[in-house]
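Subject: structure handover

Hi,

Here is the structure I promised to pass on.

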Amino acid sequence: MPLDQSFIGREYPPTEPYEVGREKIREFADAIKDTSPLHRDAAAARAAGHPDVIAPPTFAVLLSMRAHDAVVADEALGLDYSKVVHGNQRFTHHRPIRAGDVLRTVVVVDDIKARAGNDFLTVRAEIGTSEGEPVCTAISTLVARGTAEQGEQA
(Lines give C-alpha, C1' and ligand atoms only; values in the text may rest on other atoms or scores of the structure.)
Protein backbone atom coordinates (compact mmCIF):
# COMPACT_ATOMS: atom_id res chain seq x y z
CA MET A 1 0.00 0.00 0.00
CA PRO A 2 1.50 3.37 -1.00
CA LEU A 3 2.17 6.09 1.57
CA ASP A 4 -0.48 8.74 2.08
CA GLN A 5 0.65 11.88 0.19
CA SER A 6 -1.51 14.10 2.43
CA PHE A 7 1.17 13.65 5.12
CA ILE A 8 3.55 15.98 3.29
CA GLY A 9 4.00 18.99 5.57
CA ARG A 10 2.72 17.22 8.68
CA GLU A 11 4.53 18.26 11.85
CA TYR A 12 4.61 16.06 14.93
CA PRO A 13 4.74 17.30 18.54
CA PRO A 14 8.18 17.83 20.07
CA THR A 15 9.89 14.93 21.80
CA GLU A 16 10.36 14.86 25.53
CA PRO A 17 13.47 16.80 26.61
CA TYR A 18 16.75 14.89 26.22
CA GLU A 19 19.61 15.96 28.48
CA VAL A 20 22.96 15.42 26.79
CA GLY A 21 25.49 13.91 29.17
CA ARG A 22 29.27 13.76 29.04
CA GLU A 23 29.26 9.98 29.39
CA LYS A 24 26.78 9.54 26.51
CA ILE A 25 29.00 11.75 24.31
CA ARG A 26 32.08 9.72 25.25
CA GLU A 27 30.29 6.43 24.58
CA PHE A 28 29.11 7.65 21.19
CA ALA A 29 32.61 8.92 20.29
CA ASP A 30 34.05 5.54 21.32
CA ALA A 31 31.47 3.70 19.21
CA ILE A 32 32.41 5.63 16.07
CA LYS A 33 36.15 5.57 16.91
CA ASP A 34 36.43 9.37 17.19
CA THR A 35 39.38 10.06 19.48
CA SER A 36 39.10 13.85 19.64
CA PRO A 37 39.68 15.21 23.15
CA LEU A 38 36.79 17.65 22.51
CA HIS A 39 34.44 14.71 23.14
CA ARG A 40 36.11 13.61 26.39
CA ASP A 41 38.02 16.41 28.09
CA ALA A 42 36.11 19.47 29.35
CA ALA A 43 39.35 21.48 29.69
CA ALA A 44 40.28 20.76 26.06
CA ALA A 45 36.77 21.71 24.95
CA ARG A 46 36.91 24.99 26.93
CA ALA A 47 40.35 25.75 25.45
CA ALA A 48 38.73 25.37 22.01
CA GLY A 49 36.00 27.86 22.95
CA HIS A 50 33.22 25.49 24.04
CA PRO A 51 31.52 25.61 27.46
CA ASP A 52 31.83 21.82 27.88
CA VAL A 53 32.62 18.69 25.85
CA ILE A 54 30.93 18.58 22.46
CA ALA A 55 29.35 15.65 20.67
CA PRO A 56 30.58 14.30 17.34
CA PRO A 57 28.41 15.72 14.53
CA THR A 58 26.62 12.42 13.91
CA PHE A 59 25.44 12.29 17.55
CA ALA A 60 22.37 14.15 16.27
CA VAL A 61 21.15 10.87 14.76
CA LEU A 62 20.23 9.69 18.28
CA LEU A 63 17.82 12.59 18.64
CA SER A 64 16.45 12.51 15.10
CA MET A 65 15.74 8.77 15.24
CA ARG A 66 13.85 9.19 18.52
CA ALA A 67 11.69 11.80 16.81
CA HIS A 68 11.13 9.56 13.78
CA ASP A 69 9.33 7.14 16.07
CA ALA A 70 6.25 9.39 15.92
CA VAL A 71 6.16 9.14 12.12
CA VAL A 72 6.82 5.40 12.06
CA ALA A 73 4.13 4.76 14.67
CA ASP A 74 1.50 6.82 12.82
CA GLU A 75 -0.63 4.03 11.34
CA ALA A 76 -2.55 6.46 9.13
CA LEU A 77 0.63 7.11 7.08
CA GLY A 78 0.70 3.48 5.99
CA LEU A 79 4.44 2.88 6.49
CA ASP A 80 5.40 -0.78 6.80
CA TYR A 81 8.62 -0.40 8.79
CA SER A 82 9.61 -4.01 8.13
CA LYS A 83 10.28 -2.90 4.52
CA VAL A 84 12.24 0.26 5.36
CA VAL A 85 15.91 0.90 4.70
CA HIS A 86 17.74 4.13 5.50
CA GLY A 87 18.41 5.84 2.18
CA ASN A 88 20.14 9.10 3.08
CA GLN A 89 21.12 11.31 6.04
CA ARG A 90 22.26 14.93 6.20
CA PHE A 91 23.00 17.24 9.12
CA THR A 92 23.16 21.01 9.21
CA HIS A 93 24.63 22.09 12.54
CA HIS A 94 23.79 25.56 13.81
CA ARG A 95 26.18 24.97 16.70
CA PRO A 96 27.76 21.89 18.29
CA ILE A 97 25.69 19.68 20.58
CA ARG A 98 27.33 19.89 24.00
CA ALA A 99 27.12 18.26 27.39
CA GLY A 100 24.43 19.87 29.49
CA ASP A 101 22.17 20.71 26.56
CA VAL A 102 18.51 19.91 27.10
CA LEU A 103 17.20 19.25 23.60
CA ARG A 104 13.82 18.65 22.01
CA THR A 105 13.17 17.53 18.46
CA VAL A 106 10.27 18.31 16.14
CA VAL A 107 9.91 16.11 13.08
CA VAL A 108 8.19 17.13 9.84
CA VAL A 109 7.34 15.02 6.79
CA ASP A 110 8.99 17.03 4.01
CA ASP A 111 8.28 14.78 1.03
CA ILE A 112 6.87 11.48 -0.16
CA LYS A 113 7.76 10.18 -3.60
CA ALA A 114 7.27 6.90 -5.40
CA ARG A 115 9.94 5.48 -7.70
CA ALA A 116 10.22 2.02 -9.23
CA GLY A 117 7.69 0.57 -6.81
CA ASN A 118 9.36 2.06 -3.71
CA ASP A 119 8.18 4.89 -1.47
CA PHE A 120 10.75 7.53 -0.49
CA LEU A 121 9.85 9.33 2.72
CA THR A 122 11.87 12.44 3.57
CA VAL A 123 11.63 13.66 7.14
CA ARG A 124 13.23 16.70 8.73
CA ALA A 125 14.12 16.75 12.41
CA GLU A 126 14.61 20.21 13.92
CA ILE A 127 16.70 19.78 17.05
CA GLY A 128 16.81 22.69 19.45
CA THR A 129 17.17 23.62 23.08
CA SER A 130 14.19 23.72 25.40
CA GLU A 131 14.49 27.52 25.17
CA GLY A 132 14.09 27.40 21.39
CA GLU A 133 17.68 27.85 20.20
CA PRO A 134 18.22 25.91 16.94
CA VAL A 135 21.04 23.37 17.25
CA CYS A 136 20.80 21.00 14.27
CA THR A 137 18.58 20.17 11.31
CA ALA A 138 18.69 16.50 10.33
CA ILE A 139 17.21 15.36 7.01
CA SER A 140 16.60 11.64 6.54
CA THR A 141 15.28 9.68 3.61
CA LEU A 142 13.63 6.36 4.40
CA VAL A 143 12.92 3.94 1.56
CA ALA A 144 9.95 1.60 1.91
CA ARG A 145 10.75 -1.18 -0.55
CA GLY A 146 7.96 -2.46 -2.76
CA THR A 147 5.19 -0.39 -1.20
CA ALA A 148 4.42 2.10 -3.98
CA GLU A 149 1.99 1.25 -6.72
CA GLN A 150 3.71 0.18 -9.90
CA GLY A 151 3.77 2.87 -12.53
CA GLU A 152 3.81 5.72 -9.99
CA GLN A 153 6.61 8.16 -10.59
CA ALA A 154 7.68 11.28 -8.75
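This is a predicted model: local features need pLDDT of at least 70, side-chain atom pairs count only at pLDDT 80 or more; totals for chains, interfaces and linings use all residues.

Let me start with α1, whose buried residues pack against α3. By "buried" I mean under 20% relative accessible area, with exposed over 50% and partly exposed in between (1.4 Å probe, protein chains only). Helices (H or I, at least four residues) and strands (E, at least two) are DSSP runs, numbered from the N terminus.

Residues are numbered from 1 along each chain as its sequence is written, and side-chain values use heavy atoms, leaving out hydrogens and water.

Back to α1: Ile25, Phe28 and Ala29 are its buried residues. They fall within an arc of 100° seen down the helix axis, so they line one face of α1; the arc is taken from the directions from the axis to the C-beta atoms. Just after α1, Lys33 has a positive phi of about 65°.

Now α3, which covers residues 60-73. Its 14 residues reach 21 Å from first C-alpha to last, close to the expected 20 Å (1.5 Å times one less than the number of residues). There is a bend of about 25° at Ala67, taken as the angle between axes fitted to the seven residues ending there and the seven starting there. Buried in α3 are Ala60, Leu63, Ser64, Ala67, His68 and Val71, and their cover includes β1, β2, β3, β4 and β5.

As for Ile25, its contacts (heavy atoms within 4.5 Å) include Val20, His39, Phe59 and Arg98, leaving aside residues up to four places away in sequence.

Finally, the strands, which count as paired if DSSP finds at least two bridges between them. β1 and β3 are antiparallel over two bridges, with Tyr18 partnered by Leu103 in β3. β3 and β4 also run antiparallel, joined by 12 bridges, and Ile112 sits opposite Leu121 in β4. Their hairpin has two residues between the strands, and Ala116 takes a positive phi near 50° there.

Cheers
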